[in-house]
Amino acid sequence: MYFLISNDSNYNQLYLNNKDDEFYISSIIGSLSNNPKKIKANWIDDEDEKLKIPDITFVNSFIPVFSENAYNVVKDSECIQGNEFFTIDVEGETWYVLNICTCYENILNLKKSKISKYDDGSISWIFDFVFKKEIANESLFYLKEQPVSYFCTKTFVQLLKDNNIKGLNFIECKTQKYIF
């Protein structure tokens, strides 16, 4: 199991052109949508550094966006099953938002994971994920306990590496070993 994060330091980042689009995308992430509206985004223009354009990036740190190349690599893969893509316009080019709809609950070992909690005991943030078991049948998913974090299996990581898709880092998560 791997935690997906953007490789921010080496690549340019996207921003949405208006706050309404930001709210709209945030409201549909995690559930299948029928007819998303047209959304526009731009690259952050850094005059001092000429950062490369990644194949995959995140908008607002939690919305995964794929280039045409990355989309073509994964679109027919079993890794994407149960999830959906919709298009956005990035400076005149078509890019693809990956809407990860597969959600799991109660698959984390909350005692072994590193967790920050609010005063009422609810989860504020999870820093170190320890899963109770491997999720073999779903390649991309999020957790109900922390819906802005995405996870994938080794199959998805390998698919991207085999096709030289850039822009993500993968942090391997621990999986609790069962003792019988």
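# A tour from the cavity to the aromatic cluster

A search of the whole structure finds 1 cavity of 30 Å³ or more. This is a predicted model, where local features need pLDDT of at least 70, side-chain atom pairs count only at pLDDT 80 or more, and totals for chains, interfaces and linings use all residues. Residues are numbered from 1 along each chain as its sequence is written, and side-chain values use heavy atoms, with hydrogens and water left out.

**Stop one: the cavity.** Select Leu4, Pro64, Phe66, Leu98, Ile100, Leu140, Phe156 and Leu168, which line the largest cavity. The space inside is about 30 Å³. A cavity here is a set of points, on a 1 Å grid over the protein atoms alone, where a 1.4 Å probe fits but cannot get out; lining residues have an atom within 4 Å of a point. Points are joined across faces, edges and corners, and the volume is the space filled by probe spheres set on them. The lining divides into 8 nonpolar residues, no polar and no charged. Nonpolar covers Ala, Val, Leu, Ile, Met, Phe, Trp, Tyr, Cys and Pro; Asp, Glu, Lys and Arg count as charged, and the others, Gly among them, as polar.

**Stop two: the sheet.** Switch to cartoon and find the open sheet of 5 strands, ordered E8-E12-E13-E1-E14 with mixed pairing. Strands (E, at least two residues) are DSSP runs, numbered from the N terminus; two of them pair if DSSP finds at least two bridges between them. Strand E8 (103-104) and strand E14 (168-172) stand at the edges with a single partner strand each, so one side of each has no neighbour in the sheet. Now pick strand E12 (residues 140-143): E12 and E13 pair in the antiparallel sense over 4 bridges. Phe141 has Phe151 as its bridge partner in E13.

**Stop three: the rings.** Stay on Phe151. Which residues form one aromatic cluster with Phe151? Select Phe3, Tyr104, Phe129, Phe131 and Phe141 to complete that cluster. Rings of Phe, Tyr and Trp (its six-membered ring) pair if their centres lie within 6.5 Å; planes under 30 degrees apart are stacked, over 60 edge-to-face, the rest tilted. The structure holds 12 aromatic pairs. Phe129 and Phe151 have ring centres 4.7 Å apart and planes at 80 degrees, so this pair is edge-to-face. The pair links distant parts of the chain, 22 residues apart: Phe129 sits in the loop between strand E10 (123-128) and strand E11 (130-131), Phe151 in strand E13 (residues 146-152). Next, Phe131 and Phe151 form an edge-to-face pair, 5.3 Å centre to centre with 85 degrees between the planes. Phe131 is buried too.

Terms used
Buried < 20%, exposed > 50% of the residue type's maximum accessible area, 1.4 Å probe, protein only. 1 Å grid on protein atoms, 1.4 Å probe; cavity = no way out; pocket = protein on both sides within 12 Å on 5 of 7 lines; lining within 4 Å.
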